[in-house]
Amino acid sequence: MNLLEYLRSKTQVDLDTFDIEVEAARELRGCIDCTSNQYEYYTELSKDNRKDILQKALELAAKWHDNFSSIRMEELAVEAAIIATGKRESYTFTSRGYLIREFIDAGYHELFTIIDETFDRSRVVMKVPATWEGLQACRELRDHEIKTLATTLFTMEQVVLAGEVGCVSISPFLHELKALFDQSYHDENPLLELCVKAQKWYEQNSLPTRVKACANIGLDEILQLAGVAAFTVVPDDLRLLASTRKTDEESVNVSLFAEQSQEGSKIEYPSYIDEEEKYRCDFACVDEGMAQLKLAQAIQIFCDFQSKAEAIVRAAKERDA
């Protein structure tokens with residue numbers, strides 16, 4: 001069977017890119033949602049043929065900066081460029097690092113309709129890092145009817161709290177982010193079982209939060225997670241899935257979501273929503289502190305690419321001066 005068709009029969013397949021040209025590819029048209037991150041923003045904005053988008057973003061940032069004065073001009077311009085580009089996609093997920101409080105206070109979500117008054121904000125899901133502060137911000141955003149996705153997620157403690165605060169989705173990282181950027185580094189413990197356990201926990205507790213796996217390495221990990229609610233896949237892997245055929249035994253039988261893997265006792269975890277001290281303590285103890293390291297590492301990598309994207313905007317502004 002064709003592996004992309006097989007995966008889509010079991011799992012919602014989402015597109016992981018910010019390249020506005022890839023949507024035209026035949027094998028990518030069936031994706032439901034589209035997600036991206038600061039690395040992809042930087043990569044897209046650094047292309048020579050994005051000068052018109054940068055110019056428009058600078059004009060919008062200059063015009064509306066007084067409305068968002070708590071956000072630096074370069075950061076606002078990057079956001080404007082992302083929205084101006086991303087609104088062409090079927091869905092847009094926006095990621096914010098540690099600055100969620102500033103963006104709530106500034107009414108950042110209003111920027112979508114400022115740029116395009118016809119924009120349907122129900123299409124937007126804000127990606128928020130799964131720190132204690134980030135997940136509490138998700139709770140507040142939910143009260144403002146703003147949908148959120150908890151990202152950089154590595155533990156069941158994060159899974160539980162993300163469900164309790166009302167995130168519509170979570171993105172468990174199968175590998176620590178460093179493994180995706182440094183080919184000499186090997187993550188020996190991919191978190192495939194976390195996706196299975198998280199989905200089972202949400203089902204047991206009748207929570208609507210959906211598991212969107214991401215950050216895989218190779219097709220084998222994708223096949224092992226066929227049956228997860230959603231999988232965010234990069235274009236190269238989607239093309240490889242579309243061009244690869246395997247027998248039922250080679251594909252179906254390797255899934256961790258096979259019926260027998262769902263049997264067993266109920267998964268028990270305490271409530272964390274109003275228990276900051278307990279949450280921090282439990283999270284800090286996971287894997288002898290490695291979860292904390294993975295989370296901090298991922299946020300730092302994304303923040304570094306955010307700074308690079310802002311540098312591109314700053315250089316474009318200086319050229320126009």
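1. Let's start with a term. On a 1 Å grid over the protein atoms alone, a pocket is an open set of points where a 1.4 Å probe fits, with protein on both sides within 12 Å along at least five of seven lines; its lining residues have an atom within 4 Å of a point. Grid points are joined across faces, edges and corners, and a volume is the space filled by probe spheres set on the points. The second largest pocket here holds about 180 Å³ of space. Among the 10 residues lining the second largest pocket, Thr-131, Trp-132, Arg-280, Phe-283 and Leu-295 are the closest to its centre.

2. A word on the source: this is a predicted model, where local features need pLDDT of at least 70 and side-chain atom pairs count only at pLDDT 80 or more, while totals for chains, interfaces and linings use all residues. Residues are numbered from 1 along each chain as its sequence is written, and side-chain values use heavy atoms, with hydrogens and water left out.

3. Now the overall build. You will find 15 helices and 8 strands in the chain; these are DSSP runs numbered from the N terminus (helices are H or I, at least four residues; strands are E, at least two). Of the 321 residues, 55% count as buried, meaning under 20% relative accessible area with a 1.4 Å probe, protein chains only.

4. Leu-135, Ile-170 and Leu-225 touch the most other members among its 95 residues. Helix α15 (residues 290–320) gives the most to this core, with 11 residues.

5. Where do α8 and α14 meet? Glu-157, Gln-158 and Leu-161 in α8 are in contact with Tyr-279, Asp-282 and Phe-283 in α14, contact being heavy atoms within 4.5 Å.

6. Finally, the largest pocket has a volume of about 710 Å³. Of its 31 lining residues, Asp-16, Tyr-39, Glu-40, Leu-180 and Val-234 lie closest to the centre. Helix α2 supplies the largest share of this lining, 4 residues. Back at the second largest pocket, α7 (132–143), α14 and α15 each supply at least two lining residues.

Terms used
A nonpolar core is a set of buried Ala, Val, Leu, Ile, Met, Phe, Trp, Tyr and Cys residues joined through side-chain atoms within 4.5 Å. Buried means under 20% relative accessible area, exposed over 50%, partly exposed in between (1.4 Å probe, protein chains only).
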